[in-house]
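Please have a look at the model first.

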Amino acid sequence: MIELLAALSASAAGGMRIALPLLLIGLLESDKLWSRVPLLSRISPPVVLGVLVSWSLFELFASKKFLGQRVLQIVQLLFSPIVGAIMGMAIAEATFAQPNAPPPVFVWIIGLVGGLLALVLQLVQAGWFYRLRGLPLSVILAQDILCISLVLFAFDAPTQGGLIALILLWLAIRSSKEWYNWYVKQGPAKNPRRYKRNPD
């Protein structure tokens with residue numbers, strides 16, 4: 001159960017940023033770098049390091065501007081499920097005791113759940129981005145801090161990190177309902193002809 005909570009914590013971080021959580025995993029396991037991370041383990045570590053550092057800097061600085069947020073939203077919608085799945089699988093394999101290594105099917109299931117969690121979080125963020133026409137700077141800073149914290153929790157405090165991930169999922173579900181209700185209420189005002197009833 002602890003391993004699952006740790007994986008959820010890491011996957012939730014992948015639902016906020018793409019390169020930053022992957023970079024943190026490599027830095028926290030500096031002796032092994034990304035040797036246990038799916039996909040990244042097949043690429044040369046210097047190449048992975050250069051790409052992740054460059055994109056992490058872009059995420060940190062571009063997210064503070066509206067145009068940068070728009071670019072990041074598109075990229076993150078495409079890649080957040082993949083990163084969430086990679087993060088979940090990597091943490092699951094790292095946190096299990098070596099003699100009790102999980103079966104591959106279990107690791108893939110964790111990866112699937114982690115990818116879906118990251119996608120849900122990213123979809124809700126995209127919804128609020130278009131509703132507010134750009135996320136406030138305070139929200140962006142909170143995302144950066146929360147992303148880093150969730151990765152650290154996945155290693156040092158998996159129970160707390162998993163609970164935070166579940167709370168974020170609950171907030172995302174409630175937030176999506178609020179966003180959908182707002183969208184429906186805006187419908188008649190934005191499209192009066194579309195919502196006009198037939199007099200007959």
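Predicted model: local features only at pLDDT ≥ 70, side-chain atom pairs only at ≥ 80, totals over all residues.

**Cavity and pockets**

Helix H4 gives five residues to the lining of the second largest pocket, which is the largest share. Residues are numbered from 1 along each chain as its sequence is written, and side-chain values use heavy atoms, with hydrogens and water left out.

As for terms, the search runs on a 1 Å grid over the protein atoms alone, where a cavity is a set of points at which a 1.4 Å probe fits but cannot get out, a pocket is an open set with protein on both sides within 12 Å along at least five of seven lines, and lining residues have an atom within 4 Å of a point. Points are joined across faces, edges and corners, and a volume is the space filled by probe spheres set on them. Helices are DSSP runs (H or I, at least four residues), numbered from the N terminus.

Returning to the second largest pocket, its volume is about 270 Å³, and of the 14 residues that line it, Ile-18, Leu-22, Leu-52, Phe-79 and Val-83 are the closest to its centre. The elements that give two or more residues to this lining are helix H2 (19-28), helix H3 (45-62) and H4. By class, the lining has 14 nonpolar, no polar and no charged residues, where Ala, Val, Leu, Ile, Met, Phe, Trp, Tyr, Cys and Pro count as nonpolar, Asp, Glu, Lys and Arg as charged, and the others, Gly among them, as polar.

The largest pocket holds about 390 Å³ of space and is lined by 16 residues, with Val-124, Gln-125, Trp-128, Val-139 and Gln-143 nearest its centre. Two or more residues come from each of helix H5 (104-132), H6 and helix H7 (158-190), and the largest share, five residues, belongs to H5. This lining has 13 nonpolar, three polar and no charged residues.

Finally, which residues line the largest cavity? They are Arg-17, Ser-63, Gln-69, Leu-72, Gln-73, Gln-76, Gln-125, Leu-135, Ile-140 and Gln-143, and the elements giving two or more of them are helix H4 (66-95) and helix H6 (137-156). By class, the cavity lining has three nonpolar, six polar and one charged residues, around about 70 Å³ of space.
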